[in-house]
Amino acid sequence: MTLATLKDVLQPALANGYAVAGVVCLGWEDTRAYVEAAVEEQLPIILQAGPGCRAHTPLPVLASMFRYLAEQADVPVVVHLDHGYEVDEIRRALDCGFTSVMYDGSRKSLNQNIEETAEIAAIAHAVGASCEGEIGFVGYDEGESSAFTSPEDAAKFATQSGVDAMAISVGNVHLQKTGNGNINVEQLKAIERVTNIPLVIHGGSGVPVQQRAFLATTSNICKYNIGTELRMEFGNALRLAVNKDLQRFDRNAILKEIHEPLKMLTQNVIRNIGNAGVVK
């Protein structure tokens with residue numbers, strides 16, 4: 001069993017110049033493909049249950065599924081709650097066996113965000129789990145606009161919140177369908193000059209592949225959240241499988257054809273940012 005915490009996988013990434021993918025999970029089919037991809041690449045992976053996933057599937061089911069897959073893997077697998085907003089839900093996740101939680105107080109004032117995130121971090125650390133926080137709101141494509149992270153706020157948050165990783169807003173945007181966005185490198189470097197903590201980029205699908213790889217090896221970005229491009233691949237593969245034979249009705253036969261293309265794309269994604277972290 002290679003169940004790991006966020007700290008377990010991000011501290012080596014910070015020290016050795018690579019990044020780990022936090023993949024957005026929605027069900028058994030995609031999560032299994034993600035873990036198989038990590039095993040084939042011999043790279044760690046972070047399985048993430050976001051709000052949409054949790055609305056569809058109860059936390060105990062997700063925890064059991066993630067932990068079962070981790071037990072079969074010979075690479076580190078993190079069981080991570082993404083964008084937690086309520087203390088009670090985060091406590092339930094930890095009780096169910098999540099090894100890492102992310103508290104999102106990014107819409108709140110700096111002091112309130114620090115205070116509430118510090119409370120969550122203490123709860124997580126008390127049971128041997130990790131905590132990620134966010135300073136500077138990361139917006140959504142065709143939705144809420146971002147509130148960029150200031151270096152001064154980042155420095156205060158990093159030292160006072162007690163988090164193991166810090167998500168920042170430096171040009172990244174959630175739910176971008178094309179990888180033609182860009183990280184503001186000058187802003188990123190300014191944050192790095194006043195912090196020494198693994199940094200997290202939400203909305204990693206919108207960051208160009210070449211820039212993801214470059215910053216994984218040259219900056220303190222140690223985790224990219226990747227969801228949209230993987231969900232697009234799942235959807236495209238599902239359409240092809242359904243349309244290939246409109247008489248088919250067995251969901252297992254249809255979903256079986258999604259596994260290989262999704263696994264191959266995931267391998268490319270995690271290899272691109274984690275090559276220096278190959279554990280072979």
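Modeller: A residue is called buried under 20% relative accessible area, exposed over 50% and partly exposed in between (1.4 Å probe, protein chains only). The model is predicted, so local features need pLDDT of at least 70 and side-chain atom pairs count only at pLDDT 80 or more, whereas totals for chains, interfaces and linings use all residues. Residues are numbered from 1 along each chain as its sequence is written, and side-chain values use heavy atoms, with hydrogens and water left out.

Helices (H or I, at least four residues) and strands (E, at least two) are DSSP runs, numbered from the N terminus. In helix H7, residues 151-160, the buried positions include Ala154, Ala155, Phe157 and Ala158. Contact means heavy atoms within 4.5 Å; the buried residues of H7 pack against helices H6 (110-126) and H8 (185-193), and against strands E6 (130-135) and E7 (165-168). Just after H7, glycine 162 adopts a positive phi of about 80°.

A nonpolar core is a set of buried Ala, Val, Leu, Ile, Met, Phe, Trp, Tyr and Cys residues joined through side-chain atoms within 4.5 Å. The largest such core has 64 residues, of which Leu47, Phe66, Phe98, Met166, Ile168 and Tyr224 touch the most other members. Helix H4 (residues 59-72) gives the most to this core, with 7 residues. Leaving aside residues up to four places away in sequence, Phe98 touches Leu59, Leu62, Ala63 and Phe66, among others, and also Ala49, Val79, His80, Leu81, Ala93 and Ala129. A second, separate core of 13 residues includes Ala4, Leu10, Ala13 and Ile46.
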